[in-house]
Amino acid sequence: PDVIDGKTFTTTVVDLNPWVEYEFRVVASNKIGGGEPSLPSEKVRTEEAVPEIPPSEVSGGGGSRSELVITWDPIPEELQNGEGFGYVVAFRPFGTTTWIQTVVTSPDTPRYVFRNESILPFSPYEVKVGVYNNKGEGPFSSVTTVFSAEEEPSIAPAGVSAMSLSSSVIEVSWMPIPWKMSSGRLLGYEVSSF
């Protein structure tokens with residue numbers, strides 16, 4: 001309560017976060033106003049609890065060939081609710097039913113990289129990241145889609161030709177390379193002279 005009866009010398013403070021150290025001050029007041037606050041109490045830590053908040057900003061993508069990179073915003077210490085905090089990373093190829101799960105034991109880690117030669121380039125995966133501590137498993141984030149690493153172009157453009165247009169301009173043209181969306185997004189071409 002905000003104001004406690006003058007004959008009461010104890011109170012219960014509620015709605016605190018689990019596994020957080022708190023210290024308290026007490027101020028005496030009357031009709032005129034409040035006095036000076038007391039010295040702070042000793043620090044007291046609330047008990048541990050199962051984590052309640054999953055990671056936000058679950059995303060990913062990029063990486064090297066045969067990799068699935070999954071990223072998230074780490075949970076701040078004051079919301080970890082206890083010791084032994086970590087993440088449960090779950091993913092599955094889009095359209096399948098079985099989740100692959102792994103544990104990331106460092107609370108500050110913002111990413112996990114799954115490496116496997118069987119990963120096809122630029123393949124969609126359903127991904128979710130959960131939390132746990134010594135008290136148990138907390139909730140998972142909502143499911144999001146993350147693409148595996150893209151594949152670099154394996155062939156060079158053909159039919160490259162150049163034609164002088166003026167004393168300082170040359171037009172360069174080429175045939176587009178055959179490209180499958182399953183290999184990634186073709187961002188463009190790089191023209192170099194030597």
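Which backbone oxygen does the side chain of Asn 81 reach? The side chain of Asn 81 reaches the backbone oxygen of Val 50 at 3.2 Å. A polar contact here is a pair of N or O atoms within 3.5 Å; within protein, one must be able to donate a hydrogen and the other to accept it, and residues adjacent in sequence count only if both atoms are side-chain atoms.

This is a predicted model: local features need pLDDT of at least 70, side-chain atom pairs count only at pLDDT 80 or more, and totals for chains, interfaces and linings use all residues. Residues are numbered from 1 along each chain as its sequence is written, and side-chain values use heavy atoms, with hydrogens and water left out.

## Around Asn 81

Asn 81 sits in the loop between strand 6 and strand 7. Strands (E, at least two residues) and helices (H or I, at least four) are DSSP runs, numbered from the N terminus. With a relative accessible area of 4%, Asn 81 is buried. Buried means under 20% relative accessible area, exposed over 50%, and partly exposed in between (1.4 Å probe, protein chains only). Setting aside neighbours within four places in sequence, Asn 81 is in contact with Pro 18, Trp 19, Glu 48, Ala 49, Val 50, Pro 51, Glu 52 and Asn 133. Contact means heavy atoms within 4.5 Å.

## Domains and annotation

The protein chain is divided into domain 1 (56–147) and domain 2 (152–193). These bounds come from an automatic or database domain assignment. The C-alpha centres of the two domains lie 38 Å apart.

An unreviewed UniProt entry carries the annotation "domain: Fibronectin type-III" for residues 1–49 and 54–151. Its positions are given in the numbering used here, feature names are shortened, and annotations may be inferred rather than shown by experiment. Over residues 54–151 the chain is 0% helix and 50% strand. The end C-alpha atoms of that stretch are 32 Å apart.

Glu 67 lies in strand 6 (residues 67–73). It counts as buried, at 11% relative accessibility. A polar atom of the Glu 67 side chain lies 2.8 Å from the backbone nitrogen of Ser 64. Beyond neighbours within four places in sequence, the contacts of Glu 67 include Gly 62, Val 113, Phe 114 and Arg 115. Ile 119, Ser 148 and Ala 149 are also among them.

Ser 66 is in the loop between strand 5 and strand 6. Its relative accessible area is 10%, so Ser 66 is buried. Phi of Ser 66 is near 65°, a positive value in a residue other than glycine. Most residues other than glycine have a negative phi. Glu 57 also has a positive phi, near 55°. Glu 57 lies in strand 5 (residues 56–60). At a relative accessible area of 58%, Glu 57 is exposed.

## Aromatic rings

How many aromatic pairs does the structure hold? It holds seven. The rings of Phe 91 and Phe 114 have centres 4.8 Å apart and planes at 50°, so this pair is tilted. The pair links distant parts of the chain: Phe 91 is in strand 7 (residues 86–93) and Phe 114 is in strand 9 (residues 111–115), 23 residues apart. Phe 91 is buried at 0% relative accessibility. Phe 114 is buried too, at 18%. Rings of Phe, Tyr and Trp (its six-membered ring) pair if their centres lie within 6.5 Å; planes under 30 degrees apart count as stacked, over 60 as edge-to-face and the rest as tilted.

Ring pairs also link Trp 72, Phe 85 and Tyr 87 into a cluster.

The charged end of Lys 128 sits over two rings, listed below. A charge sits over a ring if NZ of Lys or CZ of Arg is within 6 Å of the ring centre and within 35 degrees of the ring normal.

| Charged residue | Ring | Distance to ring centre |
|---|---|---|
| Lys 128 | Trp 99 | 4.4 Å |
| Lys 128 | Phe 140 | 4.8 Å |

Gly 86 is found in strand 7. It counts as buried, at 0% relative accessibility. Its C-alpha atom is separated by 5.7 Å from that of Val 104, 18 residues apart along the chain. Not counting residues up to four places away in sequence, Gly 86 touches Val 104, Thr 105, Gly 130, Val 131 and Tyr 132.

Ser 161 has its place in strand 13 (residues 158–164). Is Ser 161 buried or partly exposed? At 37% relative accessibility, Ser 161 counts as partly exposed. The C-alpha atoms of Ser 161 and Val 172 are separated by 5.8 Å, at eleven residues apart along the chain.
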